[in-house]
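Subject: Handover of a model, with notes

Dear colleague,

I am passing on the structure below, together with notes on what was found in it. Please read the notes with the structure open beside them.

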Amino acid sequence: MPTVAVDKADLWERLGQEFASEEFDTLCFEYGVELDEDTTAEVEEAIKKGLPAERPQLKIETPANRYDLLCIEGIARALKVFLGKAEAPRYRLLYPPKGEADLLTVTIHPETKQVRPLFACAILRNVKFTPRSYASFIDLQDKLHQNICRRRQLVAIGTHDLDTLKGPFRYEARAPKDIKFAPLNKEQEYTAGELMTLYESDKQLSRYLHIIRDAPVYPIIYDAEDRVLSMPPIINSNHSKITLNTTNIFIDVTATDQTKLDIVVNMVATMFSEYCSEPFTIEPVKMVLPDGTTKISPDLSERHMLAHATYVNSCTGLSLKTDQVGKLLSKMSLFPTVSTTNADEIEVSIPPTRPDIFHECDLMEDAAIAYGFNNLPHTFPPTTTVGQPSAINKLSDIVRVEWALAGWVEVLPLTLCSHEENFAFLNHEDDNNTAVKIANPKTLEFQVVRTTLIPGLLKTIRENRSHSLPLKIFESGDVVFKDLKRERQSRNERHAAAVWCNKTAGFEIVHGVFDRAMKMLEIPRISNSDSKAETGYYMKETSDPMFFPGRAATIYYRAPPQKRNSTLERLKKDAKAVLHVHDDIVLGTMGILHPSVLEKFDIQYPCSAVEFTLDPFKKEMQKIWTNEE
């Protein structure tokens, strides 16, 4: 969750009231934010020691989806409305005297589709900045860049002194060698390619170079005299930089995501529109799209949604009337109107600063916050239920407890691993149809979601080589496989695995620990002399390259037969029994790990491993537990 540092005295002035630290902490909790820190004591201590100190600050932790609370302007505005000291502002577009014909125009060229195709903009007129409001203006952009903008990959914001520019503007995409301008805080001009080299050593800007570096063209914004405004998402030009003396501000926003583009341009414009000579007004800009159509930006229209008093009451346990629910929603900077046709309905207008509201349940939550969660009545639920563990978790617990009682140590490795650890290190090939891969991994260590528990166990042994032998560890956890038949394109499987590491391989040890797990799950073993058995498990030699040749086995499971109702089904069953054909499934594998596998994991001693899935037992165990209950 983002943490916003605000000037304490400035916030008290905006709220028209001073609070004790405990009082403000309570107010924050009631509104749904959290006072993380009050630096007053630290500042006073520094002043006593004669050290330089900033003004006292309040560090407030805000919800990740409340972008309107990422600056002191938004926090003060919201709390003032919540306290009933002000009404929520209605944001509106203010056209020039000559109307739409006098609007600034931005033409978007079709080449921008190759790199950052989406564009939005707005103008703030007659702004009066102070040093603190100017710092807040810059800080909000940084907060948005790190949050919803995903470090400028999805959205990038640029702000410019409009008085230094001449319209109309053009949003183009050109080859790097064809772009040349003086970047922010520099007098010398550089080509786009030279800027990429220049900022490689910059601690801040170097993090964003990869976004467009390999693109054939770079996005660039020009005014009517071919002066550069910015090269998003990297840097603005020095010519149009914002200063404390700036009064007319042009905001440009480029993006690859339309929804986030609309949110960001609205947020920057509305938060600082209070500094305009006519507060809470934004001058629109006419955009000419690549297909020749025109569009007015930003779109400050309010969204409309229905809320029902009965729904709010059913969720909160209250007995509020429709007008009472409306008053609560007003405290959350919404604009409710009680319906004239339906006494239960409330028509709610949602301002552009509240993109976090998607559904009626969000309105219900806001009403509950305004009422006060601590004030909600304590009641027993109308129905009583008995909780119980899911079948797969109960199966896991049986195996975990039994192996722990046998002296094995449970470990909890990470679910993500590198591609090599999941495949090449185990002498397996990736068929590109098995593992779920991370699209943009931050490190090489977390590239895929594991499809086996063995790499995690072997890494644990590698990191604990200093411990005395034998090392006997196990894990019961989920692995993930691609499954294109499912809506989410993947499925989880619960596996259990154990690894024995000693001076001798110990194949019989992992064989025994597996047999013990099967015995506790009441799964019989099918011997060679009892191949007609209806249910159970058995093993066959396998040639898995992960294991030593001739020292590996595949584990099979024969599920109990389903009840046969029709004569045809019974005949099929009898025919399979005569032909010794069964619908057995592969449960897992066990064996002595191949020396090359151990070498890749930097393990000097022989190891044996067993891994099997618990999913096939889930239905049978569920039947048993249902009968017991």
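Helices (H or I, at least four residues) and strands (E, at least two) are taken here as DSSP runs and are numbered from the N terminus. This is a predicted model, in which local features need pLDDT of at least 70 and side-chain atom pairs count only at pLDDT 80 or more, whereas totals for chains, interfaces and linings use all residues. Residues are numbered from 1 along each chain as its sequence is written, and side-chain values use heavy atoms, with hydrogens and water left out.

Arginine 151, found in the loop between helix 5 (131-146) and strand 7 (155-161), has a positive phi of about 55° although it is not a glycine. With a relative accessible area of 47%, arginine 151 is partly exposed, where buried means under 20% relative accessible area, exposed means over 50% and partly exposed lies in between (1.4 Å probe, protein chains only). Phenylalanine 280, in the loop between helix 7 (258-272) and strand 15 (281-282), is not a glycine either and has a positive phi of about 65°; at 21% relative accessibility, phenylalanine 280 counts as partly exposed. Most residues other than glycine have a negative phi, and most peptide bonds are trans. A cis peptide bond runs from proline 232 to proline 233, with omega near 0°, and proline 233 lies in the loop between strand 12 (228-231) and strand 13 (235-236). Serine 297 and proline 298 are also joined by a cis peptide bond, with omega about 0°, and proline 298 is found in the loop between strand 17 (294-297) and strand 18 (303-308).

As for the chain as a whole, the protein chain has 17 helices and 29 strands. Its radius of gyration is 33 Å, well over the 25 Å that the globule rule gives for 629 residues, so the protein chain is more spread out than a compact globule; the radius is taken over C-alpha atoms, and the globule rule is 2.2 Å times the number of residues to the power 0.38. Taken along the principal axes, the C-alpha atoms fill a box of roughly 95 × 70 × 65 Å. Of the 629 residues, 47% count as buried. Among contacts (heavy atoms within 4.5 Å) with a separation of 6 or more, 73% are accounted for by residues 24 or more positions apart.

Two helix features follow. Helix 2 (residues 21-31) and helix 4 (residues 72-82) pack at an angle of about 85°, with their axes 11 Å apart; the axes are lines fitted to C-alpha atoms, for helices over the stretch in contact, and angles run from 0 to 180 degrees between N-to-C directions. Helix 2 and helix 4 are therefore roughly perpendicular to each other, on a scale where angles under 35 degrees count as roughly parallel, over 145 as roughly antiparallel, 65 to 115 as roughly perpendicular and the rest as oblique. Phe24, Leu27, Glu30 and Tyr31 of helix 2 make the contact with Ala78, Leu79 and Phe82 of helix 4. Helix 13 (residues 454-463) is mostly covered, with eight of its ten residues buried, among them Ile454, Leu457 and Lys459.

Serine 608 lies in strand 29 (residues 607-613) and, at 0% relative accessibility, counts as buried. A polar atom of the side chain of serine 608 lies 2.7 Å from the backbone oxygen of alanine 505. Leaving aside neighbours within four places in sequence, serine 608 is in contact with residues including Trp500, Phe507 and Leu593. Tyrosine 218, in strand 11 (residues 218-222), counts as buried at 4% relative accessibility, and a polar atom of its side chain lies 2.9 Å from the backbone oxygen of arginine 213. Tyrosine 67 has its place in the loop between strand 3 (57-61) and helix 4 and counts as buried at 14% relative accessibility. Asparagine 313 lies in helix 8 (residues 309-316) and is buried, with a relative accessible area of 15%.

With best wishes

Definitions and conventions. A polar contact is a pair of N or O atoms within 3.5 Å; within protein, one must be able to donate a hydrogen and the other to accept it, and residues adjacent in sequence count only if both atoms are side-chain atoms.
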